[in-house]
Amino acid sequence: ETESPRVRITVTKLNQQALLIGNSTDLKYGPVQLFTVGGSGTGAVRYEVDNDVTEQDTTASAVCELVQATAAGQTSWTLRPTSQGHCRVSAIKQDSTNYHLARSESVKFDFRLLPQTVAFTSMVPTSPVKGGLFRPTAVASGGGAVSYSITSGSSCAFSPTDPTNVVFGDPGLCEIRANVSATSTMASASAVLRIQIGKDNQNINFDPIADRRFGQPILWLTATTTARDLTVSYSSADTGVCRVNASGTLTAVSAGICSITASQLGNDVYFTATPVTRIFKILADTPGAPHIVSLSSGNQSITASFTVPGFTGGSQVLRYRLEATQVGSTSPFVNSNCMPLNGINSCTIDGLPNDQEYSVRVAAVNSAGVGPYAQARNIIKTVDSSQAVTDLSAMASVGMLELNWSAPLAVEGAFESYDIYV
């Protein structure tokens, strides 16, 4: 038998596709569950907080920590601010059988102190009189210790025998302030309780509001007052995040911090009630699926055109993720950095083997993560046809269809015109 010559085959790993941290950096408060887009292979993803100070970024400070958690075999990473300021974070995707290790560019997250509220829990006496005692109590939403003070000139004072009690004086206004100091992550806050001595007073009952996910059903607020026949009114501190009407119907406008205040102005019988404010988060949801309007292929490339999702989850779409998977394979080719545009978006994947059939799908990405995919109905094939147009996209509007494409690399003879069939 004749033995064939030995051939040395060198297997070289490829560089991964660009790895990006997918979260929006337009954040005010933490914590943030991190996620990435891009990368290649099966390597695990981890994160690093980068606290290096550069000449261009002299205010960098170590205000963040990373918290790793594993549940049901899935690992998650949460970025948690430890003080006000900003920090830079990088993502690292480990190497795998076919790909080298990849590191993302560092991303700067800016964090502010989380707002908190102070609410009095002690009920104002309905008919306070001179010499009466009142013990103020209040709680801070951040859990901090509350201190008390009386505004100068008030018709009341702390009891000399028991400083936790307030003694009412002559008819007039008694104003008590509850304060909580700032912490490394929460801002200071205060509340004022006003008691009119010599007149009927009222209390507002307004339960705390739990954090809500954008897209949940409308919430009906049910604050009440102890004053007979009087109703509570509501106001929102930021109508760009949430709105509330006179009947207490709360509508989320976008993800963010929602602050709602319940108040009652009183009448000839009852003094104005101390307003009660409730703060809660409206959390972003993942966006809906885009709608694919056209597909085209060229030499080692596929281009998809698609519309903006009808539901954005309360947060702007940061980018789109386009996948092309060869028929019979489970490993997609990915372009995870398709920048968003208003109206019709177009995205291309290059480097695809020619003369192969592919299924195509696309998803939108916002601060909450990757949304559901829109799957193209048809299979598309890449071809090496230098005489055909490529990167064809279509944009529909009222009464017209706008087409865009890249010209052929070559034509036989003199070019005359394009023929379009709809």
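Where does S122 lie, relative to β10 and β11? In this predicted model, S122 sits in the loop that joins the two, between β10 (118-120) and β11 (133-134).

View 1. S122 has a relative accessible area of 10%. That value is under 20%, so S122 counts as buried. Its contacts beyond four places in sequence are F134, R135, P136, T137 and N203. T137 also takes part in a polar approach: its backbone nitrogen is 3.1 Å from a polar atom of the S122 side chain.

**View 2. An open sheet of four strands.** The strand order is β19-β26-β25-β22, and the pairing is mixed. The edges are held by β19 (212-213) and β22 (233-236). Each edge strand has a single partner, so one side of each lacks a neighbour in the sheet.

**View 3. The pairing of β25 with β26.** Residues 256-263 make up β25, and residues 276-283 make up β26. The two strands run antiparallel and share seven bridges. Across this pair, A262 stands opposite V276 of β26.

**View 4. A nonpolar patch on the surface.** Four residues form the patch: V411, F415, Y418 and I420. Together they have about 370 Å² of accessible area. Y418 belongs to the segment after β37 (400-406). Is Y418 buried, partly exposed or exposed? Its relative accessibility is 35%, so Y418 counts as partly exposed.

Notes. Residues are numbered from 1 along each chain as its sequence is written. This is a predicted model: local features need pLDDT of at least 70, side-chain atom pairs count only at pLDDT 80 or more; totals for chains, interfaces and linings use all residues. Side-chain values use heavy atoms; hydrogens and water are left out. Buried means under 20% relative accessible area, exposed over 50%, partly exposed in between (1.4 Å probe, protein chains only). A polar contact is a pair of N or O atoms within 3.5 Å; within protein, one must be able to donate a hydrogen and the other to accept it, and residues adjacent in sequence count only if both atoms are side-chain atoms. Contact means heavy atoms within 4.5 Å. Two strands pair if DSSP finds at least two bridges between them. Patches are made of residues with over 30% relative accessible area and no salt bridge: like charges are joined within 9 Å, nonpolar side chains (Val, Leu, Ile, Met, Phe, Trp, Tyr) within 5 Å. Accessible areas come from the Shrake-Rupley method with a 1.4 Å probe; for residues, only the protein chains shown count as cover. A salt bridge is a side-chain nitrogen of Lys or Arg within 4 Å of a carboxyl oxygen of Asp or Glu.
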